[in-house]
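Here is a short briefing to read alongside the model. Take a moment with the sequence and the fold, then work through the points by topic.

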Amino acid sequence: VATKSARQLARRLRRETTGSGNSSYLNGLSVIGILPTTIDTPMNREAMPQADFSQWTKSIDISKEIGTWIQQPALRPHSGSLVKVFPNANGKGATFQLVR
């Protein structure tokens with residue numbers, strides 16, 4: 001999904017999850033759009049064998065960050081936020097940058 005579409009979707013879902021929408025069963029959920037660089041997966045490696053895999057975001061790094069947000073809600077971005085994800089230059093971990 002393009003960034004602009006992801007932003008619109010996150011905003012729409014934020015309204016639905018904050019009680020201002022019509023879907024009460026969604027109240028209390030957080031919606032966060034994650035915008036990574038290319039994710040390092042076997043399928044992507046197969047499709048782009050000449051690419052520099054060190055420039056790709058590791059799925060484990062995204063998973064760890066989501067786990068942190070679950071365990072420590074105060075660190076979680078507000079519902080409706082977009083977060084860009086970049087691999088760190090040293091190849092260890094990733095940087096998460098709030099877009100809005």
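Helices (H or I, at least four residues) and strands (E, at least two) are DSSP runs, numbered from the N terminus. This is a predicted model, in which local features need pLDDT of at least 70 and side-chain atom pairs count only at pLDDT 80 or more, while totals for chains, interfaces and linings use all residues. Residues are numbered from 1 along each chain as its sequence is written, and side-chain values use heavy atoms, with hydrogens and water left out.

**Overall layout**

- The chain holds 3 helices and 5 strands, arranged along the sequence as α-β-β-α-β-α-β-β.
- Of the 100 residues in the chain, 24% are buried (buried means under 20% relative accessible area, exposed over 50%, partly exposed in between, with a 1.4 Å probe and protein chains only).
- Among the contacts with a separation of 6 or more, 45% come from residues 24 or more positions apart (contact means heavy atoms within 4.5 Å).

- An open sheet is built from 3 strands in the order 1-4-5, with mixed pairing (two strands pair if DSSP finds at least two bridges between them).
- Strand 1 and strand 5 are the edge strands with a single partner each, so one side of each has no neighbour in the sheet.
- From one strand to the next, the twist averages 25° (axes are lines fitted to C-alpha atoms, for helices over the stretch in contact, and angles run from 0 to 180 degrees between N-to-C directions).
- Strand 1 and strand 4 run parallel and are joined by 5 bridges; P36 sits opposite V85 in strand 4.
- Strand 4 and strand 5 are antiparallel, again with 5 bridges; V83 faces L98 in strand 5, and F86 faces T95 in strand 5.
- The hairpin of strand 4 and strand 5 has 6 residues between the strands, and G91 there adopts a positive phi near 80°.

**Helix 3**

- Helix 3 has 13 residues and spans 18 Å from its first C-alpha to its last, close to the expected 18 Å at 1.5 Å a residue (the expected span is 1.5 Å times one less than the number of residues).
- Which residues of helix 3 are buried? They are D61, I62 and W69.
- These residues lie on the same side of helix 3, because they cover an arc of only 100° around the axis (the arc is that of the directions from the helix axis to the C-beta atoms).
- K64, I70 and Q71 are exposed on the other side of helix 3.
- The cover over the buried residues of helix 3 includes strand 1 (32-36), strand 2 (39-40), strand 3 (57-58), strand 4 (81-87) and strand 5.

**Aromatic pairs**

- Rings of Phe, Tyr and Trp (its six-membered ring) pair if their centres lie within 6.5 Å; planes under 30 degrees apart count as stacked, over 60 as edge-to-face and the rest as tilted.
- By this rule there are 2 aromatic pairs.
- In one of them, the ring centres of W69 and F96 are 6.3 Å apart and the planes stand at 80°, so this pair is edge-to-face.
- That pair links distant parts of the chain, with W69 in helix 3 (residues 59-71) and F96 in strand 5 (residues 94-98), 27 residues apart.
- W69 counts as buried, at 5% relative accessibility.

**The loop around R76**

- R76 is found in the loop between helix 3 and strand 4.
- With a relative accessible area of 30%, R76 is partly exposed.
- Leaving aside residues up to four places away in sequence, R76 touches S30, I32, W69 and I70.
- R76 and I66 are 10 residues apart in sequence and 8.3 Å apart in space, C-alpha to C-alpha.
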